[in-house]
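Trainee: Could we go through this model together, one local feature at a time?

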Amino acid sequence: MKSIIPYISVFCIVLTFVSCGKESAKNKDQLVFRYNESSNITSLDPAFSKVQSNIWACNHIFNGLLQLDDSLHIRPDIAKSWTISPDAKTYTFTLRNDVFFP
């Protein structure tokens, strides 16, 4: 009976070369968001984000109308401009032209 070790060696070598091949074209167009968080994230819904770990994750995924910069000044995000009515009860936001809602 012949030894099976040479066949296993050849199989492992072939498997190594096949698994180290080029990425398929479909994987190149995918964007992957990786977020490292030590505590559990219970929800990615911004409406239910009440814990700091959830809020940070949602801020990385979703854009808001406005954002705060490092100096806590209000800056536009998906809104390019906004107006406030004289009674300060109505805010009208004008969105950027490249913003779409699927």
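This is a predicted model: local features need pLDDT of at least 70, side-chain atom pairs count only at pLDDT 80 or more; totals for chains, interfaces and linings use all residues.

Mentor: Residues are numbered from 1 along each chain as its sequence is written, and side-chain values use heavy atoms, with hydrogens and water left out.

Trainee: What is the phi of L72, and where does L72 lie?

Mentor: Most residues other than glycine have a negative phi. L72 sits in the loop between β1 (66-68) and β2 (74-76), strands being DSSP runs of E of at least two residues, numbered from the N terminus. Although L72 is not a glycine, its phi is positive, at about 65°.

Trainee: Is A88 buried, partly exposed or exposed?

Mentor: Buried means under 20% relative accessible area, exposed over 50%, and partly exposed in between, with a 1.4 Å probe and protein chains only. A88, in the loop between β3 (79-84) and β4 (91-95), has a relative accessible area of 45%, and therefore A88 is partly exposed.

Trainee: How is L68 classed by its relative accessibility?

Mentor: L68 lies in strand β1. Because its relative accessibility is 54%, L68 counts as exposed.

Trainee: Which residues does S53 touch, leaving out those up to four places away in sequence?

Mentor: S53 belongs to helix α3 (residues 52-61), helices being DSSP runs of H or I of at least four residues. At 7% relative accessibility, S53 counts as buried. With contact meaning heavy atoms within 4.5 Å, S53 touches Y35, E37, S39, N40 and I41.
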